[in-house]
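Let's take a walk through one protein model and look at a few of its local details. Keep the structure open beside you as you read.

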Amino acid sequence: MDIFAKFENRLGPIGDYAEKSPGYFAFPKLEGEIGNRMKFRGKEKIIWSLNNYLGLANHPEVRKADNDAVAKYGLASPMGARMMSGNSDSHDKLESQLAEFVGKEDAMLFNYGYQGMVSAIDSLCGRHDVVVYDAESHACIIDGLRLIPSHRYVYKHNDIADCDKQLARATELVKKTGGGILVITEGVFGMSGNQGKIREIAVLREKYEFRLFVDDAHGFGTMGKRGAGIGDEQNCIDDIDIYFSTFAKSMASIGGFLAADKKILTFLRYNMRSQIYAKSLPMAFVEGNLKRLELLRTKPELREKLWHNVRRLQNGFRERGFDLGTTNTPVTPVFMKGGLFDAVQLTYDMRENYNIFCSVIVYPVIPKGQIELRIIPTAAHTDQDIDETLAAFDAVREKLDKKLYPQEMPYVGAGV
């Protein structure tokens, strides 16, 4: 059989509807300056789907730093992989500042966060080791686990009793293999908004020997008194052996980093294939990220505005009886009951009639019969944005409850 033949009959649970709504529900095109309001198909919408938590994407100091860096270095510099010819004082400076900010001895830059996580897991874990990980771990963690020959035990999401159980199994196995145990979880889970139970996991060290790896992509810049992430929020920085985050969310940029003891990062610098064999993070991004980190550290008012909007939005939803699950972070999931066609009709209604653009999530990402509309509040949003959005959700929920939405894909046209 031709290996490509399978593509003709099935594109997967999401791709099966690719021809029905190209550029609308999948691969939509937002236009204009990144912010709380942008254009979609020629009309202004309130945008709730961008992880621009602190509003840095178009902060004037950030735009100037980005422009100055491009003018000075272009996008080619430095040429080559970091180990060979792609290093610079600016790369070292950014790593040093990141390490200091999150309370670790050293830090290591990545070209992309997703790539960095996958490659870090691949480098850290061998065939004698065991990984214990949360069931709702991000796709980059799951893909990293797919690469490695290590044995893996998954525990129910944020279930410490089950984590204990899986650690007991892992401990028995490594007694035979001679390997070690790595526990992987998230600081903030991007779909539910739950905080990972980092401190409670760390307590299990009283019973088991393991290292703790935390993906804090949504926590860095948003959580804690200083915005230094989940370690700052839960006062457990020292309990985290390897801290990971990306620049793609609160920093509104490209790249990512690990922070840990020097001995760990020395090993990774000489063994992570994605960094050894890939071009270094361009100077324009490094310089721009230095400015973003400076603002993150010195302008607490950005984080205060974010949390003002989070509280106003989430309190408004809860007062109206909406189900937000158990989020205790800026990530704001709104859960409703309905099937696939309810979800797409509701989303279409929101965009076309109420000018609200947010991400819709359905099966197989979440259970059948459930719809999740994920809202990402940012420091750029206004009280008016929030009030208009709450009113829109009231209206579409009433239509959903009265079963007024057709059970078919809406016609979206060719767009503009």
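This is a predicted model: local features need pLDDT of at least 70, side-chain atom pairs count only at pLDDT 80 or more; totals for chains, interfaces and linings use all residues.

Start with a bit of background: most peptide bonds are trans, and most residues other than glycine have a negative phi.

To find proline 78, look in the loop between α3 (60-73) and α4 (89-102).

Phenylalanine 27 isn't a glycine, yet its phi is positive, at about 55°. You'll spot phenylalanine 27 in the loop between α2 (12-15) and β1 (30-31). Alanine 252 also has a positive phi without being a glycine, and here the value is near 50°. This alanine 252 sits in the loop between β9 (242-246) and β10 (256-260).

Are these two residues buried or exposed? Phenylalanine 27 has a relative accessible area of 74%, so it counts as exposed, the cut-off being over 50%. For alanine 252 the relative accessible area is 21%, which makes it partly exposed.

## Empty spaces inside

How do you find empty space in a protein? Rolling a probe the size of a water molecule over the atoms shows where such space is left. Searching the whole structure turns up 2 cavities of 30 Å³ or more.

The largest cavity has a volume of about 60 Å³. Its lining is made up of Val102, Lys104, Ala228, Gly231, Asp232, Ile237, Ile240 and Tyr243. Sorted by class, that lining has 5 nonpolar, 1 polar and 2 charged residues.

The second largest cavity comes in at about 50 Å³. Among the residues lining this second largest cavity are Ile34, Asn36, Leu50, Thr378 and His381. By class, its lining holds 4 nonpolar and 5 polar residues, with no charged ones.

## A four-stranded sheet

Now for an open sheet of 4 strands: the order is β1-β2-β3-β12, and the pairing is mixed. Why does one side of β1 and of β12 have no neighbour in the sheet? Both β1 and β12 (356-357) stand at the edges with a single partner strand each, so one side of each is left without a neighbour there.

Let's zoom in on one pair. β1 and β2 (residues 37-40) run antiparallel to each other and are joined over 2 bridges. Leucine 30 has phenylalanine 40 in β2 as its bridge partner.

Note on methods
Residues are numbered from 1 along each chain as its sequence is written. Side-chain values use heavy atoms; hydrogens and water are left out. Buried means under 20% relative accessible area, exposed over 50%, partly exposed in between (1.4 Å probe, protein chains only). On a 1 Å grid over the protein atoms alone, a cavity is a set of points where a 1.4 Å probe fits but cannot get out, and a pocket is an open set with protein on both sides within 12 Å along at least five of seven lines; lining residues have an atom within 4 Å of a point. Grid points are joined across faces, edges and corners, and a volume is the space filled by probe spheres set on the points. Ala, Val, Leu, Ile, Met, Phe, Trp, Tyr, Cys and Pro count as nonpolar, Asp, Glu, Lys and Arg as charged, and the others, Gly among them, as polar. Two strands pair if DSSP finds at least two bridges between them.
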